[in-house]
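Please look over the sequence and the model first.

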Amino acid sequence: MSNFIIKHSIRFFILLFTQVLVLNNVFFLGYINPYIYILFIMLLPFDSRRWLLLILAFCLGISIDAFQNSMGIHAFSCVLIAYIRTPVLHFLSPQLKNKKQANLEFSLQEFGLQRALIYTSIIVFTHHFTLFSLEVFRPELLSIFLRTIGSATISISLLIIIQYLLFKDAKR
């Protein structure tokens with residue numbers, strides 16, 4: 001259990017500081033910003049209790065908000081994706097309801113590329129659309145959609161690459 005906590009704590013801080021120190025300073029075409037910190041929420045074990053997911057998501061989001069001075073929009077977006085994560089996983093892979101393996105986590109090997117891409121896309125688009133809608137807080141749908149599509153495309157690409165690199169040796 002302590003190895004489990006250490007692993008996820010390290011993952012939390014690596015993704016948090018990578019986002020804050022590196023990726024928050026990267027803007028493609030002036031407004032497209034990749035957000036990879038949500039990988040922490042995506043990679044939490046399937047059997048995690050919902051209240052724990054929501055608390056961890058809130059902690060991650062509020063940490064990003066503290067560094068960006070963004071008044072809770074990341075916290076809200078993270079809690080939302082943590083809330084929809086389990087239903088999305090069960091929809092994409094109904095057999096997960098029956099698996100009782102402790103600490104089973106999302107991976108490309110477990111899901112396959114197609115399901116992993118769908119799962120990642122649903123989570124990323126939900127997060128980004130919510131984040132940009134709250135950021136603008138005006139009905140500028142074209143701007144919100146363009147930022148969502150641009151940032152989500154970059155984020156999904158990075159997340160799939162990171163997941164591949166993290167789990168490419170997991171089969172062996």
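This is a predicted model: local features need pLDDT of at least 70, side-chain atom pairs count only at pLDDT 80 or more; totals for chains, interfaces and linings use all residues.

Q: What distance does helix H6 reach from its first C-alpha to its last?
A: Helix H6 covers residues 113-136, which is 24 residues. At 1.5 Å a residue, 34 Å is expected. The reach in the model is close to that value, at 33 Å.

Q: Which residue with a positive phi follows H6?
A: The phi of the residue after H6 is near 55 degrees. That residue is Phe 137.

Q: Is Ser 77 buried or exposed?
A: Ser 77 belongs to helix H4, which runs over residues 73-92. Its relative accessibility is 0%, and the limit for a buried residue is under 20%. Ser 77 therefore counts as buried.

Q: Which residues does Ser 77 touch, not counting residues up to four places away in sequence?
A: A contact requires heavy atoms within 4.5 Å. With residues up to four places away in sequence left out, the residues touched by Ser 77 are His 127, Thr 130 and Leu 131.

Q: How many helices does the chain have?
A: Read along the sequence, the pattern of the chain is α-α-α-α-α-α-α. The chain has zero strands, and its helices number seven.

Q: Why is the chain described as being as compact as a globular protein of its length?
A: For 172 residues, the globule rule gives 16 Å. The chain is as compact as a globular protein of that length because its radius of gyration is close to this value, at 16 Å.

Q: What share of the residues in the chain is buried?
A: The C-alpha trace spans about 45 × 30 × 30 Å along its principal axes, and the chain exposes about 9400 Å². Of the 172 residues in the chain, the buried ones make up 45%.

Q: What percentage of contacts between residues at least 6 apart in sequence join residues at least 24 apart?
A: The count takes in contacts in the chain between residues at least 6 apart in sequence. Of these, the share that joins residues at least 24 apart is 69%.

Q: Which helices do the buried residues of H3 pack against?
A: The buried residues of H3 are Leu 53, Ala 57, Leu 60, Gly 61, Ser 63, Ile 64 and Asp 65. They pack against helix H1 (2-21), helix H2 (39-42) and H4.

Q: Is Asn 69 buried or exposed?
A: Asn 69 follows H3 and sits in the loop between helix H3 (50-68) and H4. Although it is not a glycine, Asn 69 has a positive phi of about 55 degrees. Its relative accessibility is 65%, and the limit for an exposed residue is over 50%, so Asn 69 counts as exposed.

Q: What is the relative accessibility of Met 71?
A: Met 71 is placed in the loop between H3 and H4. It is not a glycine, yet its phi is positive, at about 55 degrees. Met 71 counts as exposed, with a relative accessibility of 78%.

Q: Which residues does Leu 158 touch, not counting residues up to four places away in sequence?
A: Leu 158 lies in helix H7 (residues 141-167) and is partly exposed, with a relative accessible area of 30%. Leu 158 is 124 residues from Pro 34 in sequence, while their C-alpha atoms are 8.0 Å apart. Leaving out residues up to four places away in sequence, Leu 158 touches Pro 34 and Ile 36.

Key:
Residues are numbered from 1 along each chain as its sequence is written. Side-chain values use heavy atoms; hydrogens and water are left out. Helices (H or I, at least four residues) and strands (E, at least two) are DSSP runs, numbered from the N terminus. The radius of gyration is taken over C-alpha atoms; the globule rule is 2.2 Å times the number of residues to the power 0.38. Buried means under 20% relative accessible area, exposed over 50%, partly exposed in between (1.4 Å probe, protein chains only). Accessible areas come from the Shrake-Rupley method with a 1.4 Å probe; for residues, only the protein chains shown count as cover. The expected span of a helix is 1.5 Å times one less than its number of residues.
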